[in-house]
Amino acid sequence: MKIAEVISTVDRLCNNKIDSTTKINWLRRLDRQIKEEVLDTHVKPEGYTEPDFENYGMDTELIVPDIYGELYESFLKMKIALEHAEEERYAMEQTNYNNFYITYQAFYNRNHMPLNKSVTRYR
């Protein structure tokens with residue numbers, strides 16, 4: 001799913017005045033978080049290429065597959081609601097976003113080999 005698709009969908013569903021550059025930056029930060037918290041904890045699949053976070057734009061393909069694309073839409077709706085101080089809508093979108101994130105994370109965990117890291121135990 002491309003950034004342009006996510007922003008277009010969210011703008012159609014959610015009246016807002018937030019510019020595309022801000023939304024792109026939000027999505028860039030989210031993808032960095034997903035890379036660090038989910039992808040980097042597993043063996044990289046064959047053909048994996050590192051995202052180019054410095055050149056995120058409307059044509060950038062996001063990390064999460066299309067089938068889980070609602071994660072991005074909910075994230076943008078949540079951020080927009082926060083910017084507009086719409087508390088009820090923010091809480092609803094935060095719940096949706098958290099559920100989509102957990103669902104994607106569980107999918108990734110089921111389908112990719114975790115890195116073998118030793119655990120240090122403190123006494």
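Reader: In which helix does R28 lie?
Author: The model is predicted, so local features need pLDDT of at least 70 and side-chain atom pairs count only at pLDDT 80 or more, while totals for chains, interfaces and linings use all residues. Residues are numbered from 1 along each chain as its sequence is written, and side-chain values use heavy atoms, with hydrogens and water left out. Helices (H or I, at least four residues) and strands (E, at least two) are DSSP runs numbered from the N terminus. On that count, R28 belongs to the run of residues 20-37, helix 2.

Reader: Which residue's backbone oxygen does the side chain of R28 reach?
Author: A polar contact is a pair of N or O atoms within 3.5 Å; within protein, one must be able to donate a hydrogen and the other to accept it, and residues adjacent in sequence count only if both atoms are side-chain atoms. The backbone oxygen reached by R28, at 2.7 Å, is that of F53.

Reader: What percentage of the residues of the protein chain count as buried?
Author: Buried means under 20% relative accessible area, exposed over 50%, and partly exposed in between (1.4 Å probe, protein chains only). The chain has 4 helices and 0 strands. Of its 123 residues, the buried share is 37%.
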